[in-house]
Amino acid sequence: AVVSTQSTGEAVKKGSTAVGLRGDGIVVLGVEKRSVPKLQDERTVRKIHKLDDHVCMAFAGLTADARILVNMARVECQSYRLTMEDPVSMAYIARHIASVKQHFTQRPGLRPFGLSALIVGFDYDGSAHLYQTDPSGTFHEWKANAIGRNGKTVREFLEKHYTDEIAASDEACIKLTVRALLEVVQSGGKNIELAVMRRGKALEILDTKTVEKLVEETEAERDAEAEAKKKAAGKS
């Protein structure tokens with residue numbers, strides 16, 4: 001089981017980079033879009049999935065495994081709503097997904113799920129949450145995190161740049177997610193998929209034109225900062 005979990009961990013490290021960020025009134029998911037064959041419909045290649053009206057998930061790893069896990073999570077969300085007459089809490093669904101993964105690490109004849117997941121959304125009291133789960137079945141809550149290929153590089157970038165001031169601004173949260181992805185993603189907006197959920201509002205998948213505009217603005221701000229640092233260094 002340990003060897004099997006390690007091998008599925010390798011699948012995660014080779015997966016597309018995904019970034020999750022939690023603000024005061026917003027949650028953002030950003031994923032690296034791999035180029036698809038010319039004749040393939042890119043709408044069938046999705047790394048961001050809606051689990052319920054207030055819960056969304058992005059993943060890095062094996063797409064087929066993710067499809068099964070997403071379906072199981074959606075059923076659990078609806079089962080909870082039917083039984084409790086309330087929307088599922090973020091902690092509950094994160095723990096459920098982690099428990100399903102852990103179950104598959106210790107049963108004979110089964111192999112672990114080959115993916116890590118970032119789960120974002122809002123609880124009924126309006127609080128924003130971001131959870132991350134890995135193939136072994138552990139889960140933790142984060143303010144911002146990254147998984148997949150180059151996940152460590154992006155996480156270190158987020159550690160340097162995420163602040164309470166950014167968390168207080170919806171626009172700043174979105175731009176930081178874009179900027180974090182641009183650390184490892186080539187070709188700008190066409191290779192980035194963004195999903196945004198604001199408190200009390202439905203999930204919004206941003207279209208390509210909006211993403212490209214955000215990328216241009218973010219790159220311009222980054223270049224301006226670099227130029228300002230050069231001038232400051234020159235004066236000193």
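This is a predicted model: local features need pLDDT of at least 70, side-chain atom pairs count only at pLDDT 80 or more; totals for chains, interfaces and linings use all residues.
## Helix α7

Helix α7 runs over residues 208–235. Its 28 residues, at 1.5 Å a residue, should span 40 Å, and the C-alpha atoms at its ends are 41 Å apart, which agrees. At the start of the helix, the backbone nitrogen of Lys209 has a side-chain oxygen of Asp207 within 3.2 Å.

Val211, Leu214, Val215 and Thr218 of α7 are buried. An α-helix has 3.6 residues a turn, so residues three or four places apart point the same way. The buried residues of α7 pack against α6 (170–182) and also against β9 (192–198).

## The α6 and α7 pair

Two packed helices are described by the angle between their axes and the distance between the axes. For α6 and α7, the axes come within 10 Å and cross at roughly 80°. Because angles of 65 to 115 degrees count as roughly perpendicular, α6 and α7 are roughly perpendicular to each other.

On the α6 side, the contact is made by Ile174, Lys175, Val178, Arg179 and Leu182. On the α7 side, the contributing residues are Leu214, Val215, Glu217, Thr218, Glu219, Glu221, Arg222 and Glu225. The residues of this contact divide into 7 charged, 5 nonpolar and 1 polar. Leu214, Val215 and Thr218 are among the buried residues of α7 and also take part in the contact with α6.

## Helix α3

Helix α3 (90–103) has 14 residues, which at 1.5 Å a residue should span 20 Å. Its end C-alpha atoms are 20 Å apart, in agreement with that value.

The buried residues of α3 are Met90, Ile93, Ala94, His96, Ile97, Ala98, Val100 and Lys101. Their cover includes the helix α2. It also includes the strands β3 (48–52), β4 (55–61), β5 (115–122), β6 (128–133) and β7 (139–141).

## Loop residues with positive phi

Most residues other than glycine have a negative phi. Glu85 has a positive phi, near 60°. This residue is in the loop between α2 (63–84) and α3 (90–103). Glu85 counts as exposed because its relative accessibility is 70%, and the cut-off for exposed is over 50%.

Asn150 also has a positive phi, near 65°, and lies in the loop between β8 (144–147) and α4 (151–161). With a relative accessibility of 34%, Asn150 counts as partly exposed.

How values were computed
Residues are numbered from 1 along each chain as its sequence is written. Side-chain values use heavy atoms; hydrogens and water are left out. Helices (H or I, at least four residues) and strands (E, at least two) are DSSP runs, numbered from the N terminus. The expected span of a helix is 1.5 Å times one less than its number of residues. Buried means under 20% relative accessible area, exposed over 50%, partly exposed in between (1.4 Å probe, protein chains only). Contact means heavy atoms within 4.5 Å. A polar contact is a pair of N or O atoms within 3.5 Å; within protein, one must be able to donate a hydrogen and the other to accept it, and residues adjacent in sequence count only if both atoms are side-chain atoms. Axes are lines fitted to C-alpha atoms, for helices over the stretch in contact, and angles run from 0 to 180 degrees between N-to-C directions. Angles under 35 degrees count as roughly parallel, over 145 as roughly antiparallel, 65 to 115 as roughly perpendicular and the rest as oblique. Ala, Val, Leu, Ile, Met, Phe, Trp, Tyr, Cys and Pro count as nonpolar, Asp, Glu, Lys and Arg as charged, and the others, Gly among them, as polar.
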